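Trainee: Please walk me through this one by question and answer, starting with the terms.

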Amino acid sequence: MQGAGNAVLIQQAAALKKQQAKLKQLGSPTYTLSDRTENPGYAIYRSNAERVDILANVFPVLLFAIAALVSLTTMTRFVEEERIQIGTLKALGYSNADVAKKFALFSLLASSAGVALGAWGGFMVLPKIIFKAYAANSTLSGFQIHFSWALLLTTWLIAILCTTGAALWALHRDLKAKPAALLLPKPPKGGSRILLERWHWLWNRLSFNYKVTMRNLFRYKSRALMTIFGVAGCTGLLVMSFGIRDSLSGISNIEYSRIIKYDLIAVQNSNSSAKQRQQLKKELNGKSVKGHTGIYFEQLTKKAGDDDATQSISLIVPNNEKNFKQYFAVKNRQTKKTLKLPQDGVIISEKLARLLNAKKGSSIKLKDASGKWRTMKVAGIMEMYIGHYVLMSPQAYQKIFHQSYQTNAQLIKLKKGAKLQRESQRLMATGAVKGINQNVNNQRTIDNIMGSLNRVMIILIGLAALLALVVIYNLSNINIEERMRELSTIKVLGFYDQEVTLYIYRETIILSVIGILLGYLVGIGLHRFIILSLPPANAMFDPAMTLANFILSALIPAVITAGVVIIMHRKIRSVDMLDALSSVD
């Protein structure tokens with residue numbers, strides 16, 4: 001009996017020892033505290049909402065400024081067209097206040113109708129389109145419309161100021177004139193010598209038509225400036241929108257093909273058994289794995305950014321820098337030069353450098369996983385668009401962290417056709433891996449964010465193109481209406497229909513080219529501001545602007561101008577020139 005009892009005790013002791021070994025293998029327990037901001041999709045959607053706020057503070061202001069310019073021009077022209085009727089009313093005994101009521105009521109009704117239509121589109125239509133663009137990549141639903149009386153009244157008052165105010169300001173000058181003077185057409189502006197005429201070597205080489213065009217450009221200065229500013233504003237918006245679209249496109253592909261060349265990071269379990277480590281080694285040398293290299297991997301943290309949010313920073317210390325180049329391209333974005341890991345400093349990603357206001361030679365402090373602050377000297381800034389990274393050599397790691405270096409993770413590159421999810425499961429099944437970071441998940445998340453922003457950019461490009469159409473058509477129409485008697489005169493003098501059209505549109509084309517060039521400068525400035533403000537805290541956009549952007553931004557106003565030329569050419573041909581020259585005396 002005693003022998004049997006001893007055998008049971010031995011078995012129990014062996015079982016207990018086995019369980020103790022398993023318990024030891026588990027290591028010390030760790031706890032993770034997460035608030036609601038770390039729920040899946042919450043932070044991404046909040047970040048997207050903040051990005052839309054930035055666009056809402058820039059884009060509508062420019063759109064409204066250009067629309068105000070068009071409204072101001074239109075109402076001023078409206079008063080000038082009614083000059084003879086104003087004189088008639090004054091001759092019949094109507095007071096200035098009675099005459100002003102007509103223009104005030106007309107402009108008030110027109111601006112109010114425009115604000116009402118715009119408010120319906122701004123509060124009801126566009127928010128739904130933008131929300132659907134963002135919500136398509138999340139589980140959030142239940143869109144709610146929030147109406148703002150303060151915003152509506154502010155917009156209405158500005159619209160009244162640009163229409164009713166402009167009409168009364170233009171009317172004020174005419175009401176001072178005598179009825180007899182108002183009953184006569186407004187005399188055309190007189191021509192004068194221009195500065196260009198003093199450059200005889202250039203002026204003498206110009207044809208008659210171009211000399212007339214140059215004189216007319218300076219003759220109608222206000223109309224020229226309005227055309228330049230209108231086209232410049234629309235072109236600037238197009239350059240900005242196309243530029244942001246270019247900055248968004250292909251970022252994730254660049255990040256995970258040209259810069260980050262591995263497929264996943266496998267973080268090893270420090271308490272794994274020899275058998276489990278052997279199994280992991282077998283998987284790493286399997287048929288599906290193209291290559292792997294050992295690194296030290298740790299997540300550092302730092303509060304940074306405008307909202308002082310905690311940023312997650314990936315620390316990577318490669319065991320072999322030569323092999324590491326096959327998995328990670330460490331280059332400077334501007335110089336395109338490969339950066340070598342220093343022995344007494346670190347290389348950080350570009351967006352992290354911006355958040356920390358760090359430059360080459362600066363010192364930064366980051367908190368490690370144990371809660372200790374580590375001071376690091378920045379030896380270089382590398383190209384990186386998504387996420388925050390800190391790279392250092394084993395020698396630098398030992399100096400900064402004051403502990404010996406050893407690898408705790410593997411950068412793994414899979415062969416073409418290998419199933420990422422299946423390989424991840426096989427690695428986890430070895431027991432020697434406690435966590436896996438798949439690039440495909442990060443790429444999918446970033447693609448969703450960029451796709452949402454890209455849809456918004458398409459909407460903004462459409463609005464900018466529509467505004468360009470309104471500006472160019474309206475200013476061209478006003479220009480022709482104002483100068484109909486002048487056009488009739490030159491046609492009677494023998495000009496053909498095409499020459500009469502070009503008489504006006506040489507000026508429009510020259511002013512549009514000047515506006516486009518000025519719009520390039522405006523667009524470049526807006527693009528730079530947006531790409532620095534629009535990206536989330538853990539990403540940056542490609543600041544480079546492609547040549548196609550400038551070509552498209554110029555082509556859209558050019559096509560609109562050509563279309564307006566065709567319409568106006570038909571209008572000029574259909575006008576009875578002799579009737580237009582008839583005297584009203």
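Mentor: Helices (H or I, at least four residues) and strands (E, at least two) are DSSP runs, numbered from the N terminus. The model is predicted, so local features need pLDDT of at least 70 and side-chain atom pairs pLDDT 80 or more, while totals for chains, interfaces and linings use all residues. Residues are numbered from 1 along each chain as its sequence is written, and side-chain values use heavy atoms, without hydrogens and water.

Trainee: Which helix gives the most residues to the lining of the largest cavity?

Mentor: A cavity is a set of points on a 1 Å grid over the protein atoms alone where a 1.4 Å probe fits but cannot get out, and lining residues have an atom within 4 Å of a point. Helices H8, H9, H16 and H18 each supply at least two residues of the lining. With 5 residues, the top contributor is H16.

Trainee: How much space lies in the largest cavity?

Mentor: Grid points are joined across faces, edges and corners, and a volume is the space filled by probe spheres set on the points. The structure holds 1 cavity of 30 Å³ or more. The space in the largest cavity is about 160 Å³.

Trainee: Which residues lie closest to the centre of the largest cavity?

Mentor: The lining numbers 17 residues. Closest to the centre of the cavity are Arg223, Thr227, Asn479, Thr508 and Leu511.

Trainee: Is strand E8 largely enclosed or exposed, and how many of its residues are buried?

Mentor: Buried means under 20% relative accessible area, exposed over 50%, and partly exposed in between (1.4 Å probe, protein chains only). Ala409, Leu411 and Lys413 point one way from E8, with Gln410, Ile412 and Leu414 pointing the other way, and all are buried. Strand E8 is therefore largely enclosed by the rest of the structure, the buried count being 6 of the 6.

Trainee: Which residue in E8 stands opposite Thr293?

Mentor: Two strands pair if DSSP finds at least two bridges between them. Strand E2 runs antiparallel to E8, joined by 6 bridges, and E1 is also antiparallel to E8, with 4 bridges. Opposite Thr293 is Leu411.

Trainee: How many disulfides does the rule count?

Mentor: A disulfide is a pair of cysteine sulfur atoms within 2.5 Å. Cys162 counts as buried because its relative accessibility is 17%, and Cys234 does so at 2%. The disulfide count is 0.

Key. 1 Å grid on protein atoms, 1.4 Å probe; cavity = no way out; pocket = protein on both sides within 12 Å on 5 of 7 lines; lining within 4 Å.
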